[in-house]
Amino acid sequence: MDGGAGFPGTPVPRSPEDVFRDYRARQAGLIRALTTDVEKFYVMCDPEKDNLCLYGLPNETWEVNLPAEEVPPELPEPALGINFARDGMNEKDWLSLVAVHSDSWLMSVAFYFGARFGFDKESRKRLFTMINNLPSIYEVVTGTAKKESKEKTPKSSNKTNKSGSKPSRQVEPNSRVPKMPPPKDEESEGEEGEPQEDHESALCGACGLGYDDFWICCDLCETWFHGKCVKITPNKAEHIKQYKCPSCTGSKRAKA
């Protein structure tokens, strides 16, 4: 077990941007474990088993496994024994605790890479700024990121409408797809006076991340989601009269 550092086909991060992409992919996997895959994650964290760790992998997946046997390990290790506290705590509190430890682990992995590849002060600052612009796993799991997204999105939409600019990427015509600003790497061709934070204001209600090619909005809570996070494709969305997100479908876990 190496936490996914040597995952087949995954290049080892070397620049601040490479490390950030690795961080964001691992974070997406961890968020998925604690939100959309939470029932599977809950079952895998059996208190009767040995010390278990939650790993986020660089291909945006996750796994629960035993810690690395080698000392020192190839990468910093996540918190040990997350399964032991499962039945002794309220489920939401336990998930929040795992989220906090996962945030700490991601930061340690990112700055381990920074130290390993000799990042200077400016590179470390750039890496931290990119990471800090993302919501933390704790914020996503506890719903803080979703509230901030609802507050910021209307303001961003007004500015987009005033400018009259068109999105740089357009998917199939669909009333559920918002007119999102272009991602950061295409920002230089837009208006010079537009604040950079407008491009990051809309966040997915499931994974807490920003720009993606296809979005869908819940008709009940009016929260936006990446199509891939809720398993909805553009073609499938065309035939949905009223979309209800996982939180609004009345599942037992959502009610709890």
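A contact here means heavy atoms within 4.5 Å. Going by that, residues 24 or more positions apart account for 65% of the protein's contacts with a separation of 6 or more. Everything here comes from a predicted model, where local features need pLDDT of at least 70 and side-chain atom pairs count only at pLDDT 80 or more, while totals for chains, interfaces and linings use all residues. Residues are numbered from 1 along each chain as its sequence is written, and side-chain values use heavy atoms, with hydrogens and water left out.

As for the overall layout, the protein has 8 helices and 4 strands. Both are DSSP runs numbered from the N terminus, with helices being H or I over at least four residues and strands being E over at least two. Walking along the sequence, the order of these pieces reads α-α-β-β-α-α-α-α-β-β-α-α.

Next up is the surface. The protein exposes about 14,400 Å², and carbon and sulfur atoms supply 50% of that. Accessible areas come from the Shrake-Rupley method with a 1.4 Å probe, and for residues only the protein chains shown count as cover. Of the 256 residues, 40% count as buried. Buried stands for under 20% relative accessible area, exposed for over 50%, and partly exposed for anything in between (1.4 Å probe, protein chains only).

Now for the charged pairs. Side chains of opposite charge can pair when their charged atoms come close. The structure holds 4 salt bridges, a salt bridge being a side-chain nitrogen of Lys or Arg within 4 Å of a carboxyl oxygen of Asp or Glu.

Helix 1 (residues 16-34) contains both Asp18 and Arg21, which sit 3 residues apart, or about one turn of the helix. These two form a salt bridge, and their closest N and O atoms are 2.5 Å apart. Asp18 is partly exposed at 26% relative accessible area, and Arg21 is partly exposed too, at 47%.

Asp22 and Arg26 also lie in helix 1, 4 residues apart, again about one turn of the helix. Asp22 makes a salt bridge with Arg26, with 2.7 Å between the closest N and O atoms. Here Asp22 counts as buried at 8% relative accessibility, and Arg26 counts as buried at 1%.

Another salt bridge links Arg86 to Asp87, with the closest N and O atoms 2.8 Å apart. Arg86 is buried, with a relative accessible area of 12%, whereas Asp87 is exposed, at 51%.
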